[in-house]
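Please keep the sequence and the coordinates at hand while reading.

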Amino acid sequence: MIIKPLHQDMIGEVIDLLSQGSPYIWPRTASDYWLYSALFSSTCPVAPHEDTITGVVIAIRSQDHPDDIYIQDVMTHAHHRRQGIAKALINSVCAQGEAWGCGRLYLTSEPENTSAHHAWGALGFVNVPGDHRVNGVEVITDFKGPGKTRAVYELHLR
Ligand SMILES: CC(C)(COP(=O)(O)OP(=O)(O)OC[C@H]1O[C@@H](n2cnc3c(N)ncnc32)[C@H](O)[C@@H]1OP(=O)(O)O)[C@@H](O)C(=O)NCCC(=O)NCCS
């Protein structure tokens, strides 16, 4: 499988892919993806296949907590799921994090997103203890602001 850093030429295809991610993923603007490709492409890997993009991860190393890499979006095209694409993309971010000496990858997910919950567990992430449980998933109230209750998952790199 080919994994490449996000490049400006791929922005339209990435937006097309993420447009299919509802109800858990929505595309951001072309300007946002320009920023990601120009400023931190090494933590934004894509999986190109023939003339399209089958998967993407958007992640960024924290400037406030440089030990951390936050994964903002993970998406695999519906026709290409369960083929190890998310695994390969996350592994790419792990390798970059290890090269930088980072200690942790983390991400948030909506507790109803059972596919994501299974994927994060299979990829070695731990569901961080929260203040209550939804569908058996630990969640933290208002983690991303008022009304944005989320399940948090983390993967330690060392
Ligand atoms: C979650 C998502 C990114 C997983 O992508 P993927 O490329 O299919 O994942 P992988 O093939 O790398 O799966 C790795 C492992 O995770 C687990 N897994 C992934 N999807 C699963 C599912 N639907 N049910 C159960 N286990 C699953 C499996 O153990 C899998 O290994 P296996 O296929 O050898 O059993 C994908 O389902 C997706 O794009 N969903 C829509 C967008 C989304 O919800 N993103 C996450 C927002 S937080």
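How many nonpolar, polar and charged residues does the shell around the ligand have? The shell has 10 nonpolar, 8 polar and 3 charged residues, where Ala, Val, Leu, Ile, Met, Phe, Trp, Tyr, Cys and Pro count as nonpolar, Asp, Glu, Lys and Arg as charged, and the others, Gly among them, as polar.

This is a predicted model, in which local features need pLDDT of at least 70 and side-chain atom pairs count only at pLDDT 80 or more, while totals for chains, interfaces and linings use all residues. Residues are numbered from 1 along each chain as its sequence is written, and side-chain values use heavy atoms, with hydrogens and water left out.

The ligand is surrounded by 21 residues, each with a heavy atom within 4 Å of it. V74, T76, G84, K87 and N113 are the closest. Helices (H or I, at least four residues) and strands (E, at least two) are DSSP runs, numbered from the N terminus. Strand 4 (68-76), helix 3 (85-100), strand 5 (104-109) and helix 4 (114-122) each give the shell at least two residues, and helix 4 has the largest share, with 6 residues. Because domain 1 (1-102) and domain 2 (107-158) both contribute to the shell, the ligand lies between them; the domain bounds come from an automatic or database assignment.

For R81, a polar side-chain atom lies at 3.5 Å from a ligand oxygen, and for Q83 a polar backbone atom lies at 3.3 Å. The protein buries 77% of the 920 Å² that the ligand exposes when taken alone, by the Shrake-Rupley method with a 1.4 Å probe.

Two backbone features remain. S22 and P23 are joined by a cis peptide bond with omega about 15°, and P23 is in the loop between helix 1 (11-18) and helix 2 (30-39). E50, in the loop between strand 2 (45-49) and strand 3 (52-61), has a positive phi near 55° although this residue is not glycine.

Methods: A polar contact is a pair of N or O atoms within 3.5 Å; within protein, one must be able to donate a hydrogen and the other to accept it, and residues adjacent in sequence count only if both atoms are side-chain atoms.
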